[in-house]
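Subject: Handing over the structure

Hello,

I am passing this structure on to you, and I hope you enjoy looking through it. Below the entry you will find my notes on what turned up.

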Amino acid sequence: MTVETNEPGWEVDPDDEWGVAVITTVGRQLRLRREAVGMRAADFGEAVGYGEDLVYKVEGGKRIPRQEYLDRADAVLDAGGLIAAAWEDVKRVRYPKRVRELGKLEATAVEIGVYECNIVAGLLQTPEHARVLMEARQPPYSPDDVERMVAARLARQSVFERDPAPSMHFVLEEAPLRRRVGGTMVWRRQLERLLEVGRLHHVTLQVMPTNTDAHPGLDGRIELLKFQDGAAVARSDGAFNGRPITDPKQLRIVELRYGTIRAQALSPRESLAFIEQLLGET
């Protein structure tokens, strides 16, 4: 088995206390099992197909291992599935803390409302579209971090598979829909994805045409989540310094903004017809 020079895995965010604890524990268990069978780090690295440096980083809690690393380590150390099972915790740590927190909220919300002014909403992005956007960031992400961020964005989309499904509302500006991010084929697949999602029974998708009056969303993104117990959390780029808010008075302001935007946008039927028209222009 060839030892890889570009060793896979992600750096641990030192500010992510839970993540650091998980990776430190997994790394310690790997080291103890390796030492228990009398295997040197270099020999273990060769056996699992990765470099010695990565072995030390993983065991020292400095690197988040990928699933294939844990699976191979489990087999080499004859751990009976105990090491491989650690992936259930590790896979959550690989996503940035703020993304995990957002994902948790979306996973329990009964209603999700999103307005995006500059891009297609992350919950609606195809893998290819998301990857192009991540690669365009400045300063640039490393290739590993691009894959990490894309994986995190796609993981949030499991919200569409929830049962019972949440009520979901999206308003997207026309301009980002016309921008051929990633080239014609990637752009077409993104529009097709919007049509697929927009036809789901629990999803409402609206397009805000460029040729319209000013509206409360021109100063940035809005997200509104409501929960079974009546609680809610919202964020608006143009209000309350863009921070998440839960105060009822502040929530009413964000709800008013979002409601006004939905009222000015094309109806769901008109919006799907508009996207179909865009597809027909190629």
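A word on terms before we start: helices (H or I, at least four residues) and strands (E, at least two) are DSSP runs, numbered from the N terminus. By that reading, Pro127 belongs to helix H8, which covers residues 127–135. Please keep in mind that this is a predicted model.

Let me stay with Pro127 for a moment. Is Pro127 buried, exposed or partly exposed? Its relative accessible area is 32%, so Pro127 counts as partly exposed, a class between the limits of 20% and 50%. Leaving out residues up to four places away in sequence, Pro127 touches Val150 and Leu154.

Now the overall picture. The protein chain has 13 helices and seven strands. Of its 282 residues, 45% count as buried. Its C-alpha atoms fill a box of roughly 70 × 45 × 35 Å along the principal axes. Among contacts with a separation of 6 or more, 72% are between residues 24 or more positions apart.

Next, the aromatic rings. How many aromatic pairs does a search of the whole structure find? The search finds three. One of them joins Phe44 and Tyr69 edge-to-face, with 6.4 Å from centre to centre and 75 degrees between the planes. This pair links distant parts of the chain, since Phe44 is in helix H2 (residues 41–48) and Tyr69 is in helix H4 (residues 67–76), 25 residues apart. Phe44 and Tyr69 are both buried. Ring pairs also bring in Tyr50, giving a cluster of Phe44, Tyr50 and Tyr69.

Phe160 and Phe170 form a stacked pair, 6.5 Å centre to centre with 25 degrees between the planes. Phe160 lies in the loop between helix H9 (143–156) and strand S4 (167–173), while Phe170 is in strand S4 itself, so this pair ties together parts that are ten residues apart in sequence. Both Phe160 and Phe170 are buried.

Two arginines are worth a look alongside these rings. Arg193 lies over the face of Phe160, 5.7 Å from the ring centre. The charged end of Arg180 sits over the ring of Trp187, at 4.2 Å from its centre.

In soluble globular proteins, nonpolar side chains tend to be buried together. Here, the largest nonpolar core has 29 residues, and the members that touch the most others are Leu124, Phe160, Phe170, Leu177 and Leu194. Elements giving two or more residues to this core include strand S3 (109–116), S4, helix H11 (184–198) and helix H13 (268–280). Setting aside neighbours within four places in sequence, Phe170 has contacts that include Val114, Leu124, Phe160, Val203, Leu205 and Tyr258. A second, separate core has 23 residues, among them Phe44, Leu54, Ala79 and Val93.

There is a helix packing to see as well. Helix H1 (residues 17–36) and helix H3 (residues 52–59) pack at an angle of about 120 degrees, and their axes are 7 Å apart. That angle makes H1 oblique to H3. On the H1 side, Ile23, Gly27, Arg28, Leu30, Arg31 and Arg34 take part, and they meet Val55, Val58 and Glu59 in H3.

Finally, some details of the backbone. Which residues does a cis peptide bond join, with omega about -5 degrees? They are Gln138 and Pro139, and Pro139 is in the loop between H8 and H9. Another cis peptide bond joins Asp163 and Pro164, with omega about 5 degrees. Pro164 has its place in the loop between H9 and S4.

Asp78 has a positive phi, near 50 degrees, though it is not a glycine. Asp78 lies in the loop between H4 and helix H5 (82–85), and it is exposed, with a relative accessible area of 67%. Asn241 also has a positive phi without being a glycine, in this case near 60 degrees. Its loop runs between strand S7 (232–236) and helix H12 (248–264), and at 77% relative accessibility Asn241 counts as exposed.

Happy exploring, and best wishes

Terms used. Residues numbered from 1 in each chain as written. Predicted model: local features only at pLDDT ≥ 70, side-chain atom pairs only at ≥ 80, totals over all residues. Heavy atoms only, no water. Phe/Tyr/Trp six-rings, centres within 6.5 Å; stacked < 30°, edge-to-face > 60°. Buried < 20%, exposed > 50% of the residue type's maximum accessible area, 1.4 Å probe, protein only. Lys NZ or Arg CZ within 6 Å of the ring centre and 35° of its normal. Core = buried A, V, L, I, M, F, W, Y, C linked by side-chain atoms within 4.5 Å. Contact = heavy atoms within 4.5 Å. Axes fitted to C-alpha atoms, helices over the stretch in contact; angles between N-to-C directions. Parallel < 35°, antiparallel > 145°, perpendicular 65-115°, else oblique.
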